[in-house]
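Here are my notes on the structure you asked me to look over. Keep the viewer open and follow along point by point.

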Amino acid sequence: MNIKQLEAFLLVAELRNFTKTAGQLGMSQPAVSFQIKALEEELGVTLLERNEKKVLLTEAGRLLYPEIKQMVRHYRKIRAMVNELQGLKSGHLMLGATSMPAECLLPIFIGGFREQYPGVRVSLQVGNSAAVARWLQDREIDIGVLGTAMGGESIEYHPWLEDELIFIVPSWHPWAGNNISLEELTREPLIIREAGSGTRQALEVKLAEHNINVEHFPSILELGSSQSMVQAVRAGLGIAAVSRRAAHDALEAGKVARVIIPGLQIRYYLYLAWPRQVSNGLSAAIFKSFLMDRELCRRLLGKTG
């Protein structure tokens, strides 16, 4: 039994997909299958059931999953301590973020970090704010970037960057580039993030100030990322309130257009978060300093809107 086998099992169990697991681990799909098979043979049990559509945990897999997760967590803690002694020549930094910062912001900082510390492996998990908070609670990630402070005494939150939700429509839409009223807004199908998203919460809070909720729209399409919302708008599926940063490239290319609703400005903060009273290791501390350096933020993010 080795750590690669355990990490492969955990990721397949979470993603329910061998191809996606291979992509995240930087391995081939046959290599992932080999790791799982070797683990199953050593334990003498079948952990996963495979069919044409999805991968499911067996009874043994469900029973062993939390124990294996704990083993991997302890291993990473030991590695973090050793890496500090080695002066950050190697290591594994675990990040979690909501879709917009994962797509538009963090790659820039990860690139700068890797230039100085090429031996440190960086993994990034993407989910909504509720998922990122849960990963922090369970110590699955070292640092999280999310759209709302979800609470929890074991997590420390710090406001990081201010962002704005803007309404966008297809470039050919009659509202493109125009001002519309709140009444007009509710005549259009709404594209929105799923429950648990910080940007959805920000939108619903602002709409509630005007006695509007999502049920006032003729239809709702829930999507799991900012970029999928932009693409849905381009396809003419409705109007969406998305991060200004996430829509920047599509707006610049003329693929979507902004709509202004006077009196409906939606600003919110992205938060940095990490487990409270837990030492995450030197790599997490240095990466945190990257993110919190205001001058570095201005320099790196100047072209992202």
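Is Glu-164 buried or exposed? Glu-164 is buried, with a relative accessible area of 7%. Remember as you read on that this is a predicted model.

1. Arg-244 counts as partly exposed because its relative accessibility is 24%, whereas Glu-164, at 7%, is buried.

2. Arg-267 has 44% relative accessibility, so it counts as partly exposed.

3. **Salt bridges elsewhere.** As background, side chains of opposite charge can pair when their charged atoms come close. How many salt bridges does a search of the whole structure find? The search turns up 13. One to look up is the pair of Arg-76 and Glu-7, whose side chains meet at 3.3 Å, N to O. Arg-76 is in helix H4 (residues 59-85) and Glu-7 in helix H1 (residues 3-15), so to speak two distant parts of the chain, 69 residues apart. At 27% relative accessibility Arg-76 counts as partly exposed, while Glu-7, at 13%, counts as buried.4. **How H1 sits against H3.** Two packed helices are described by the angle between their axes and the distance between the axes. For H1 and H3, the angle is about 110 degrees and the axes are 9 Å apart. An angle from 65 to 115 degrees counts as roughly perpendicular, and H1 and H3 are therefore roughly perpendicular to each other. On the H1 side, the contact uses Lys-4, Gln-5, Leu-6, Ala-8, Phe-9 and Val-12; on the H3 side, it uses Val-32, Gln-35, Ile-36, Ala-38, Leu-39 and Glu-42. Sort these residues by type and you get 8 nonpolar, 2 polar and 2 charged.

4. **How H2 sits against H3.** Helix H2 (residues 18-25) packs on helix H3 (residues 29-43) at an angle of about 100 degrees, and their axes are 8 Å apart. That makes H2 roughly perpendicular to H3. H2 brings Phe-18, Thr-19, Thr-21 and Ala-22 to the contact, and H3 brings Gln-29, Val-32, Ser-33 and Ile-36.

5. **Two loop residues with positive phi.** Have a look at Arg-16, in the loop between H1 and H2. Its phi is near 55 degrees, a positive value in a residue other than glycine. Arg-16 is partly exposed, with a relative accessible area of 36%. Asn-211 is another residue to check: its phi is near 60 degrees, also positive and also not in a glycine. You'll find Asn-211 in the loop between helix H8 (198-208) and strand S8 (220-223). With a relative accessible area of 68%, Asn-211 is exposed.

6. **Arg-187, out in a loop.** Arg-187 is in the loop between helix H7 (182-185) and strand S7 (190-193). Why does Arg-187 count as exposed? Because its relative accessibility is 54%, and the cut-off for exposed is over 50%. Its side chain makes a polar contact with the side chain of Glu-183, at 3.5 Å. For a sense of scale, try the distance from Arg-187 to Leu-63: their C-alpha atoms are separated by 49 Å, and the two residues are 124 residues apart along the chain.

7. **Ser-226, tucked into H9.** Ser-226 is in helix H9 (residues 226-234). Ser-226 is buried, with a relative accessible area of 7%. Which residues does Ser-226 touch, not counting those up to four places away in sequence? They are Ser-99, Met-100, Glu-103, Arg-193 and Ala-246.

How values were computed:
Residues are numbered from 1 along each chain as its sequence is written. This is a predicted model: local features need pLDDT of at least 70, side-chain atom pairs count only at pLDDT 80 or more; totals for chains, interfaces and linings use all residues. Side-chain values use heavy atoms; hydrogens and water are left out. Axes are lines fitted to C-alpha atoms, for helices over the stretch in contact, and angles run from 0 to 180 degrees between N-to-C directions. Helices (H or I, at least four residues) and strands (E, at least two) are DSSP runs, numbered from the N terminus. Angles under 35 degrees count as roughly parallel, over 145 as roughly antiparallel, 65 to 115 as roughly perpendicular and the rest as oblique. Contact means heavy atoms within 4.5 Å. Buried means under 20% relative accessible area, exposed over 50%, partly exposed in between (1.4 Å probe, protein chains only). A polar contact is a pair of N or O atoms within 3.5 Å; within protein, one must be able to donate a hydrogen and the other to accept it, and residues adjacent in sequence count only if both atoms are side-chain atoms. A salt bridge is a side-chain nitrogen of Lys or Arg within 4 Å of a carboxyl oxygen of Asp or Glu. Ala, Val, Leu, Ile, Met, Phe, Trp, Tyr, Cys and Pro count as nonpolar, Asp, Glu, Lys and Arg as charged, and the others, Gly among them, as polar.
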